[in-house]
Amino acid sequence: MIEVHDGLFCLHTKSTSMLLRRTAFGHLELVHYGAAADAADADALAVKRTIAYGCATNYAANDPTYCLDVVPLAWSGEARGDYREAPIEWDTDLGAASDFRYAAHEILDGAAIMERLPQARTPDQTLAITLTDEAGAELILFFSVFGDTDVITRRAVLKNTSDTPITVKKLMSSLLDLPGRFVMTTFSGGWIAEARAERVPVGAARVVNEAVTGFSSNRHNPGFLLSEPDAGEDHGRVYGFNLIWSGNHYAAAQRSFQGITRVMQGVSPADFAKKLAPGESFCTPEAVMSFSDAGFNGLSAHMHDFVNRHIVPAHWQERERPVLYNSWEGCGMDFTERRLVELAKKAAKLGCELFVLDDGWFGARNSETAGLGDYAVNKKKLPDGLTGLADKLRALGLDFGLWFEPEAVNPDSDLYRAHPDWAITEPGREPVYGRNELLLDLTRPEVRDYIVDSVGAVLDSADIRYVKWDMNRHSTALGAKAYDYILGFYDVLRRIFAPRPEILLENCASGGNRFDLGVLCFGPQVWASDDTDPIERLDIQNGLSYLYPLSCMGTHVSAAPHSQTLRQTPLSTRGNVSFFGLLGYELDLKFLSSVDEKDIRSQIEFYKKYRSLFQFGRFTRLPAPEGETRWQVAREDCAAAGMFYRLAPAAPGMDELRLADLAPKARYTVMARQQNLRVGDFGELVRYVVPVRLNPKGVVMSTADSIYVMPDCAEVMEASGAALMSGIRLENRYAGTGYNENIRMLRDFGSRVYIVQKQKEWGDSET
Ligand code: GLA
């Protein structure tokens, strides 16, 4: 809800408020952003201004206390006394200075629609405040309120109202001056190591989170947090920020001498320059912000609800996603239709619902060196074409999904030979390649038309229900074109997928190199990382979970030892980690033993039973001892908790499971998901478990390993919600002193998943 009282703008969500005030000189002051507050609180909440500071450059001769350097602002400019970082840099007829002051405002129902940029759907209301600058420019700041999810979004549109060109070199989407001390959490990394949470105190030196690879990037996710220094997962004040944008981005936080932290976010100004002719406008992407005084988990819940309700396409909102099989890790580009159908038969038997044919199905694409750009089916591999394969999959009860990488081209391709100028290179220099690829120039309409037509034709040629849209090349020469490239990318996605809303689009960029809210507006899920080692995935999925819901994270089970880390992990852990996301399988099914098959079948059955809980339940990062990770998802009457261990200690002590979000008085049954141990993992220790002495390397042992199911300890307990939230004690772990069926056998990288079911007699209303 938005209210305006005599120059005071109040934006309210369910439990937060933002108060903005027009100062006597027309600047936009940020009076408050945080917990719910009323207009009547504004004077008490405002930072006081009754003295002059030394070294001040005063804005007005008649008011020595009015210095822009010390006013908490929601927008600022340059060379008028505010020496903090400016949200705008430009060249105008009046030079580089800028001073935007209030001219008008308007409250709109719903959103102010953008034509070319993606934006969050269905806000309650939007406040548009128009500021003007005497160089001849109008700046409209749009604030949209998403009351149900405690999110406010912001963006800026700059219009050249002068009669000479203006060059914009930097224009942020958002600027907030927040009184207080903060720690900034960023989510950084690289290929196969995305979204590592890093915490840095925000002090007098500026902290910057910026990506300049042309894309939102696996190096620096655009989302970040600012928290009070003593905030934790379940307590304390936390702000969350994100950007609906898939290109170069910039965010900075810096504390002023007066203790006010300036935080801004928008398109990266690196190499950026946009010339606006008279009458032309420039539109920034939409920045997203939220506040919670219930710690990081509280903030994550807002962001998760926001993505699920206001970002992903309407068709996919709360729609359950299929369990998929993906051909990549199992067969790479080396396949025939026969091999695929054999894999599909197994995948269908195991319970998969969608078969995704990854890279290698078109043109001369038999390795990473050729064929990218030519989307004609390779008839040697698929003699009956995509329709033939789709029909065979349909007969097995499987939907069909397909991989594309439409933005890039191999120089060894028919497309490149026909249109070498469509590829982006540095003029006058030898091209440099990434994965043998160059990017296509998506700023050119004919290039976009080619992609829309060629991908669209393939999608209409067979019954294709899913697309994995990949992109494996950083940009080099985009420079000032970087912004227009991303608009071109969005144009292509819109034209391909808006007329085909029922196709499930999963974005991917060498794994999580484009995990952002921009792509989520077009397709509801993103491949989180090429790293499917479950132990690495604990950090990656944990990092992403701060700002993105499980319903948008592709999480697959692959083979062990893992191809990237050589780590040997139990199949149970690979499944347990992948339950917390969108479950899929990505390994050669031919090499599964009958025990593996049985385990996978039961994993898929379990996931399907609790699918809506895992995909859309309220997610919590539970407290965990050092070196462990614990997650929970909860819905009205049911929760699931995952406990993930790393290295097994000798003689471990008691283990406590402490849950969240339960009804304190209701009674629950807690049950460990039944999972199996592998005989082969016990080597010669197996003599403690079976009555005969077996050669650990012998045939009997390896046969037993592949067919004999050895159930891990079955734990069932009953407790009130209050007891579960206070912490219950689990069965003992193996401690080297003997084995019995009540011992939890957790070796290195072991894990358990518990289902917590509210007992029937305790209705949903019980709290
Ligand atoms: C990228 C993706 C992988 C796979 C390959 C295919 O690396 O991230 O999942 O699709 O491309 O070439």
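**Figure 1. Lining of the largest pocket.** Helix 11 (571-579), helix 12 and strand 36 (676-677) each supply at least two residues to the lining of the largest pocket, and helix 11 gives the most, with four residues. Helices (H or I, at least four residues) and strands (E, at least two) are DSSP runs numbered from the N terminus. The model is predicted: local features require pLDDT of at least 70 and side-chain atom pairs pLDDT 80 or more, whereas totals for chains, interfaces and linings use all residues. Residues are numbered from 1 along each chain as its sequence is written, and side-chain values use heavy atoms, with hydrogens and water left out. The pocket holds about 840 Å³ of space. Of its 41 lining residues, Pro-570, Leu-677, Arg-678, Asp-681 and Arg-747 lie nearest the centre. On a 1 Å grid over the protein atoms alone, a pocket is an open set of points with protein on both sides within 12 Å along at least five of seven lines; a cavity is a set where a 1.4 Å probe fits but cannot get out; lining residues have an atom within 4 Å of a point. Grid points are joined across faces, edges and corners, and a volume is the space filled by probe spheres set on them.

Figure 2. Arg-601 lies in helix 12 (residues 594-609). Arg-601 is partly exposed, at a relative accessible area of 34% (buried means under 20%, exposed over 50%, partly exposed in between; 1.4 Å probe, protein chains only). Beyond residues up to four places away in sequence, Arg-601 touches Lys-349 and Leu-350 (contact: heavy atoms within 4.5 Å).

**Figure 3. The salt bridge between Glu-85 and Lys-170.** The side chains of these residues meet at 2.7 Å, N to O. The pair links distant parts of the chain, 85 residues apart: Glu-85 in the loop between helix 1 (42-45) and strand 5 (88-91), and Lys-170 in strand 10 (residues 166-179). Glu-85 counts as buried at 10% relative accessibility, and Lys-170 is buried at 3%. A salt bridge places a side-chain nitrogen of Lys or Arg within 4 Å of a carboxyl oxygen of Asp or Glu.

**Figure 4. The salt bridge between Arg-621 and Glu-233.** The side chains of Arg-621 and Glu-233 meet at 3.0 Å, N to O. Arg-621 belongs to strand 31 (residues 618-621) and Glu-233 to the loop between strand 14 (220-227) and strand 15 (238-243), so the pair ties together parts 388 residues apart in sequence. Arg-621 is buried, with a relative accessible area of 3%, whereas Glu-233 is partly exposed at 23%.
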